[in-house]
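Student: I am new to this structure. Please take one chain and go through it closely, with some of its surroundings.

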Amino acid sequence: MPVSQVVFLAVGALALGAAVRVVMSHRVFHAALWLIGSFFGVAALYMLLESPFMAGIQLFLYIGGVAVLTVIAIMVTKGGMRPDRRSTNDPWSSAVVAVALFAVMVWMIIQLPLPAEPASQVHGESLHLLGAALVDPEGYLLPFEVVSVMLLIVLIGSLYLGRER
Amino acid sequence: MAITGIPLSWYLIAGAALFCVGVYGVLANRNLIMIIMSIEIMLNAVVLNLVAFARYMEPARVTGKAFAIIVYATAAAEAALGLALIISVWRTENTVAVEEIDLLQG
Amino acid sequence: MDVVPGGSTPIPAFLLRLLGAFAMALVPLVLILFLIWESRKVIGRMQDRLGPTNAGTYAGPFALFQTFADGIKILTKELIIPDGADRPVFIAAPILVVTVAIAVWAVIPLGPAGLQVVDLDVGAFYVVAMSSLAPFSMIMAGWSSRNKYAEVGAFRAVSQIVSYEIPQVLALLAPVLLTGSLSLQNIIQAQSVPYIVAVPLAALIYFLASAAEVGRLPFELAEADSEIVAGFFTEYSGMMFGAFYLAEFINNLTAAVVFAILFLGGWRGPWVDQVPMLGAVWLLLKAFLVFNVLLLFWAAMPRLRIDQVLGFNWKFLVPLGMVVLLAVALVDKLLPLVGLTDPWPRSLGLLLANMVLGLGVVGVLSWMGRRAQRRIVRREVAP
């Protein structure tokens, strides 16, 4: 078995295992730490897909941003639930739904004629292409600008929502 | 030189599995913050799918990666806003369990 | 060390890469042994006392081996874990902080070709991403200690670090803009004129933001020695405390090295083309210089309060960073139209733009200061 497959299985096991620990953890803080583990696993998968840029964004935005926010929210709300109630509602039917969904998706994936090898890289510097496409008026300039406006709105909105009363 | 030997279907199955773990998390958890974490896992799975397709099908076009970046920005923004809302709810209701936040319930 | 990984890489080449990565990880650890001694000597002299000396037991000429002795002492101390602490998280925090501190060294180029673990296309971005993982170990340490002082220290440290990432990234984008690539090797190779000459304002912003990121005075809230016991690592003892201390020094060294790469020209220097290993010497000398400047900050300045720290960031550094980036981008596009495309005229043109901007900022600030002064005087005069 070539090295790449071994690495893929190891990294995929990390990402999936950590994700399962996230949803099944009893303590919210531990779930947040397992979430970081899952994000690391997905970042490693991006490196396997030869996009270090996406891996870098995953590390910087998700782990350095979203996960830090989540942990701060956990610390502010101190876990947040009364300890005498159960922490999940009806895990068995939720598991049935999730497994059924997974089975349907895997069945669909197996049916499709998907390539077994990645297409050849046209040239190595795809980052330049991506940057050029994002500011090209006939490319993706409009979504780019809309996203920046949206981020401004979210910035102001979350400041307003989180203010001290 | 490319990293060869991994079929595309493996990446898609990994993405599907992550997505379903996220679905389980959203359905089964009572803590609002756990629900937000599960939504982030689902979004991760989606972007993984996008990037895998972008790599395997036609790397010259950057549509997949541009889409992925925009999804990332949206996901981060939504997480920030959701957590601000949760902190606001905590200050008034003093709980973050989903069933106990029922002011608007008829 | 220049082997590309892939599905068909033979095993020996893979092992060679691992060995190279291991050797690179040892470099900061070895340098730290010397730098801790040097820091204590310099700070001692600044504070009008001798640093570590040979009073009592002999510790090498000028007490050079003092660091070894301290390390051995810390290794033999008992690891005390408080009763109510969250054990797995408590133990994982120091491991994480040292791992993240060393992980940045994977993309640092010590020489023109091959003296680097991996030359990522997005090297500068990787450095930023790794340094954004630092708040985690602080949160884990503060939360799992179940100690009010530790939690307060963790909150302060995290808010400071997360805030100062923004001007750090904005200032880091200036050399990236001028080079046209995020790869650290490309940034060094494009610096026939060091970027500190071309964009001194961006260098200043990056320097201040890095100082705040690694927790140097005047931004030393996270472990304010006399205020909140020891901040987020109050409850740590023995080698776990040693790990935090080590990681802080490694972060300082890394910040100095990255500043040297981005703004001072990295491994460039005389005779590098003939002897590639000399590149490592030049880089470390420049980093040593920056490290000592950071050290002098620590020795000479008082501590700022959290509201002063955050106010400085959001009201001054972030707007300044954005304006500098815009100005650099604009001027860099206009200069070829005027006809200045060679390195030296280009750098001087950018320097002129930076000077104008800097004088403008100083003018605005002094006008605001004079206005505040007039307001105070008016309030005192009117009964």
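Tutor: In chain A, 40% of the contacts with a separation of 6 or more are between residues 24 or more positions apart, a contact being heavy atoms within 4.5 Å. The model is a predicted one, in which local features need pLDDT of at least 70 and side-chain atom pairs count only at pLDDT 80 or more, while totals for chains, interfaces and linings use all residues. Residues are numbered from 1 along each chain as its sequence is written, chains are lettered from A and ligands numbered from 1 in the order in which they are written, and side-chain values use heavy atoms, with hydrogens and water left out.

For chain B, the part to look at closely, the corresponding share of contacts is 61%. Chain B contains 3 helices and 0 strands, where helices (H or I, at least four residues) and strands (E, at least two) are DSSP runs numbered from the N terminus. With a radius of gyration of 18 Å, well over the 13 Å that the globule rule gives for 106 residues, chain B is more spread out than a compact globule. That radius is taken over C-alpha atoms, and the rule is 2.2 Å times the number of residues to the power 0.38. The C-alpha trace of chain B spans about 55 × 25 × 25 Å along its principal axes.

Of the 106 residues in chain B, 64% count as buried; buried means under 20% relative accessible area, exposed over 50%, and partly exposed in between, with a 1.4 Å probe and protein chains only. In chain A, buried residues make up 38% of 165. Chain A has 6 helices and 0 strands.

Chain B also takes part in the largest nonpolar core, which has 169 residues; Tyr46(A), Tyr11(B), Met37(B) and Phe263(C) have the most contacts inside it. Such a core is a set of buried Ala, Val, Leu, Ile, Met, Phe, Trp, Tyr and Cys residues joined through side-chain atoms within 4.5 Å. Helix 10 of chain C, residues 238-263, gives the most to this core, with 15 residues. Asn252(C) has its place in that helix and counts as buried, at 1% relative accessibility.

Back in chain B, Met37(B) is in contact with Val22(A), Val28(A), Ala31(A), Ala32(A), Leu35(A) and Thr70(A), leaving aside its neighbours within four places in sequence.
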